[in-house]
Amino acid sequence: MSWQSGSQTSLREANRGAILEAVKRFGGLTQVELVGATGLSPATVSTIVKELTGSGLVEVQPTSRSGRRAQLVTLARRVGLAAGIQVGPRTMRVALADFTSEVCAEQVLPLPFEHRMDTTLDRAALLVVDMLEREGSSLAELVGVGVGLPAPVDVDTGMISVRGIMRGWDDEHIAHVMTKRLEKPVYVDNDANLGALAEATLGAGRGVRDLLYVSYSHSVGAGVVIGGRLHRGFAGTAGEIGHVQVDPMGAICRCGSRGCLETVVRSDALLATLQASHGSLSLRDVLRRAQLGDPGCSRVIADAGEAIGSVLAGACQTLNPQLVIVGGEMAEAGETLLDPMRRELRRSMLPNVIAPVEVVTGDLGARAEIMGAVATVLQHTDVTETGGER
Ligand SMILES: [Zn+2]
C-alpha cells in the first residue's frame, strides 16, 4: 500500500501547489473561481483551502461576486511583503505590497535629468527600508524587490539589452547591484512588460489569454502577453514598438536609429509641436486642455494615437491579440487617443469579422507598472518557504 499513499501524498502536494499558484497569480480568487482556474473538484478545493488556512498560508474573507456572497481566498499578509520600484526618466515610484497584491505604502520621488544607476538605486534602497519601518515592519519581512525600467531588459542578466536608451545605466548588472544593497532577490524587467503583467492578472485583461499592453507616458513601449504568459523575446526587446521606424527622414532617436515612432510621439515632441501656438506647456497641461476641448492639444494627442495605431497594426496582424490595453499617463486622454488608434488598426489590418481586436484603457491607470513590479516578486516567491508558520 505504500506506493499508493506515496502517490496520494504527491497528488495532494501538486493540488496544493496548483491552488497556491492560482491565488498568487490573480491576487485573490473565490472558491468557485479556483475550481475554474485549477480544474480541481469543488470538494478538493474546499479541503485544500481549509488546510492552507490552518497553516497560515492563505486567508479567507467574505466578498460578493455578481451580487452573490462568496469566499475570497488570498495569500496571508504575514507571508511577507514585496517592494516594487518603478524608475522613470524624471521620477521614481516605490511601493510595498503584501501577498494579496494590496499596496500598503507608496511614494513618488523626483529624479534629476539623466540620473545615474548607483545614486538612484541608493535612494530607492533607503526609501524601501524607511517605508518598511513606517509600516511597523522590517527588512526581515521583505521577500523580494521588483524593478521596472523604461528600457528593454534581459531578465536573465538583469541588464539593459540596448545601449543608449538609459544613459548612466548601460552595462550595469542592475539586479546584482540592488541585491547587494538590500540582500534580497531582485527582479528587473521592462516597465511595459510589468504593466502588461499587472493588467493581465489584476486589471482590464483578466481572463484574456492574448493581449498587448501599450504603455504611453513620456515615451511609448508595449508588453506582449501570449497564451496567458509574458512574451519577452530572445533578449528582452519584444514589444519595443517605440523603436519601429515611421519616418525614414525623421529625427535621430536616442537608440541611434532614425525616425522611430518614439521621436514622433514622445511627450517632448508633442510639447515642441505646441510651442509656437501655445507657449511652454507641461504634459499635464496638454492633457487638461485637451479634456476642456482645446483643438490644438487634442490634435497632437490624436495624431500620436494615429502614429501608434499604424505601428500597432503590424504587431496585431502578427500576434492576433484579443485586446489592446492602453495605459500610462497619456491614457487619461481617453477616446481622443484611442479613437484614432482604432481607426488606424481598422484601416491597416485584415478585417477579422469573427473577433476584431478591441482597444480599451487599462483599469490600473498610472499604477499598472508598479503593481506589475510587485506582482513579479510574488510570482517568483515560493510562499511555502517564506515562513507562513511564523
Ligand atoms: Zn529608437
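C260 is buried, at 0% relative accessibility. In this predicted model, C260 is also one of the protein donors of a zinc ion, contributing its SG atom. The points below cover the zinc site, the cysteines and helix α9.

**Zinc site**
- The zinc ion takes its protein donors from H243 (ND1), C253 (SG), C255 (SG) and C260 (SG), at 2.0 to 2.3 Å.
- The geometry of the site is tetrahedral, with angles of 105 to 122 degrees among the four donor atoms.
- Along the chain, the spacing of these donors reads H-x9-C-x1-C-x4-C.

**Accessibility of donor residues**

**Disulfides**
- A disulfide is a covalent bond between the sulfur atoms of two cysteines.
- With a disulfide taken as a pair of cysteine sulfur atoms within 2.5 Å, the count is zero.

**Helix α9 and its surroundings**
- Helix α9 spans residues 283-291, and its buried residues are L283, V286, L287 and A290.
- These buried residues line one face of α9, because they fall within an arc of 95 degrees when seen down the helix axis.
- The cover over the buried residues of α9 includes α8 (267-278) and α10 (295-319).
- After α9 comes G293, which has a positive phi, near 95 degrees.

Notes: Residues numbered from 1 in each chain as written. Predicted model: local features only at pLDDT ≥ 70, side-chain atom pairs only at ≥ 80, totals over all residues. Heavy atoms only, no water. Donors = N, O, S within 2.8 Å, 3.2 Å for Na, K, Ca; no water. Tetrahedral: all angles 85-135°; square planar, octahedral: opposite > 155°, others 65-115°. Buried < 20%, exposed > 50% of the residue type's maximum accessible area, 1.4 Å probe, protein only. Helix = DSSP H or I, 4+ residues; strand = E, 2+ residues; numbered from the N terminus. Arc of directions from axis to C-beta. Contact = heavy atoms within 4.5 Å.
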